[in-house]
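User: Hi, I have just opened this one and have never looked at it before. Could you walk me through it?

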Amino acid sequence: MSGSGQSRPLTGLHLLLTYECNYECDHCFVWGGPSQTGTMSLETIEHILGEARALGTIEWIYFEGGEPFLYYDTLVSGVRRARESGFRVGIVTNAYWATSEAEAERQLQPFVGHIEDLSISSDAYHGKKDGVTCPDVAREAARRLGMPVDFISVAEPEATGVAGSFGKLPAGESAVLFRGRAAERLASRVAAKPWEQFDRCPWEDLRAPGRVHVDPFGYLHVCQGICIGNLLQRPLPEIMNDYDPDEHPIVGPLLAGGPAEVVRRYGLPHEGRYADHCHLCYSARRQLRDRFPEVLAPDQMYGPG
Ligand code: SF4
């Protein structure tokens, strides 16, 4: 990595198979919803897998979204291609499709033996459909099929003593981070703190990311909406080799002094108090989108208006 001094290799690529989702959760980082646009073709997945092979350090490929089961045939084919390429594979889903035991098994059957992690969103934002608790039904079906499975959940904003998360949400409960739709819908529900306090990024390893997200347009995100290149325009090895975090227009100030430094560096107007680091970061980035359109992309990550 030129100039970055990165020693930890990139080992995970998380494919946002689609920005579409059947739900429209308040806490969603990526503004997933029924009216969102942007879905990967199988061709794009194959291109990404080729780039992952070329990099040589990728171990895990995750399929997430949005809700990846909305594009079931592409998901099944993508998972199989990823396995054939020698990667370990995981899926993150809200399990809306697990409407009965039989249906859940039918949906999961094609993945048996191909995935090593099924992460199911199960919290106050996800869950019941026509009286059926879909995540529970999906988890039981996965267990019957011998598939490794865990619940991931996001706590209510007011919950105390719940840690945030690093990377993909871990099994168990994580705190809301106020970025994406959560910044607009939920930030007012917690006590805000002075903006100067937010002097680091607590959640992402921006200097040496162990995993990054890639979206249907090829954008490579070190945090949702902060891009370090486009995989459909440049080879992944070249992007990672050229990544110089200190020189990156957003990552640089974040490393130097967190979201507060982004505000200072660009002289941005701001409120006196924010809900958390991500709230200030996201608010600052929204103001900088015209200045750094290829870095603070795509529109899907920044919501309407
Ligand atoms: S502070 Fe910014 S870069 Fe760090 S996790 Fe929050 S939104 Fe992402």
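User: Which helices each supply at least two residues of the shell around the ligand?

Analyst: Bearing in mind that this is a predicted model, the helices that each supply at least two residues of that shell are H7, which spans 251–265, and H8, which spans 277–287. The largest share comes from H8, with four residues.

User: And which residues come nearest to the ligand?

Analyst: There are 13 residues around the ligand, and those that come nearest are Cys201, Trp203, Cys223, Cys278 and Cys281. Sorted by class, the shell has ten nonpolar residues, one polar residue and two charged residues.

User: OK, zooming out, how many helices and strands are in the chain?

Analyst: The chain has eight helices and 13 strands. Of its 305 residues, 45% count as buried, and among contacts between residues at least 6 apart in sequence, 71% join residues at least 24 apart.

User: Let's take the strands then. What does S2 pair with?

Analyst: Strand S2 pairs with S1 (residues 12–16) in the parallel sense over five bridges, and with S3 (residues 88–93), again in the parallel sense, over four bridges. To place these pairings on particular residues, Leu16 has Glu64 of S2 as its bridge partner, while Tyr62 stands opposite Gly90 in S3.

User: How does the chain cross from S2 to S3?

Analyst: The chain goes through helix H2 (residues 72–84), and this β-α-β crossover is right-handed. Another right-handed β-α-β unit is made by S1, helix H1 (residues 42–55) and S2.

User: Why is S2 described as largely enclosed?

Analyst: Strand S2 covers residues 60–64, and four of these five residues are buried, so the strand is largely enclosed by the rest of the structure.

User: And where does S4 come in?

Analyst: Strand S4 runs parallel to S3, and four bridges join the two, with Gly90 standing opposite Asp117 in S4. The chain crosses from S3 to S4 through helix H3 (residues 101–108) in a right-handed β-α-β crossover. Strand S4 also pairs with S7 (residues 149–154) in the parallel sense over four bridges, where Ser119 stands opposite Asp150.

User: Switching topic, which peptide bonds are cis?

Analyst: A cis peptide bond joins Gly65 and Gly66, with omega about 15 degrees, and Gly66 is found in the loop between S2 and H2. The bond from Ala297 to Pro298 is also cis, with omega near -10 degrees, and Pro298 lies in the segment after H8.

User: Last one, where does Tyr243 lie?

Analyst: Tyr243 lies in the loop between H6 (236–242) and H7, and it is buried, with 24 other C-beta atoms within 10 Å. Its C-alpha atom is separated by 6.9 Å from that of Ile228, 15 residues apart along the chain.

Technical notes. Residues are numbered from 1 along each chain as its sequence is written. This is a predicted model: local features need pLDDT of at least 70, side-chain atom pairs count only at pLDDT 80 or more; totals for chains, interfaces and linings use all residues. A residue is near a molecule or strand if its C-beta atom, placed from the backbone, lies within 6 Å of it. Ala, Val, Leu, Ile, Met, Phe, Trp, Tyr, Cys and Pro count as nonpolar, Asp, Glu, Lys and Arg as charged, and the others, Gly among them, as polar. A residue is buried if 20 or more other C-beta atoms lie within 10 Å of its own, exposed if 12 or fewer, and partly exposed in between; C-beta atoms are placed from the backbone. Two strands pair if DSSP finds at least two bridges between them. A crossover is right-handed if, with the strands pointing away from the viewer, the path from the first strand over the helix to the second runs clockwise. Two residues are in contact if their C-beta atoms, placed from the backbone, lie within 7 Å.
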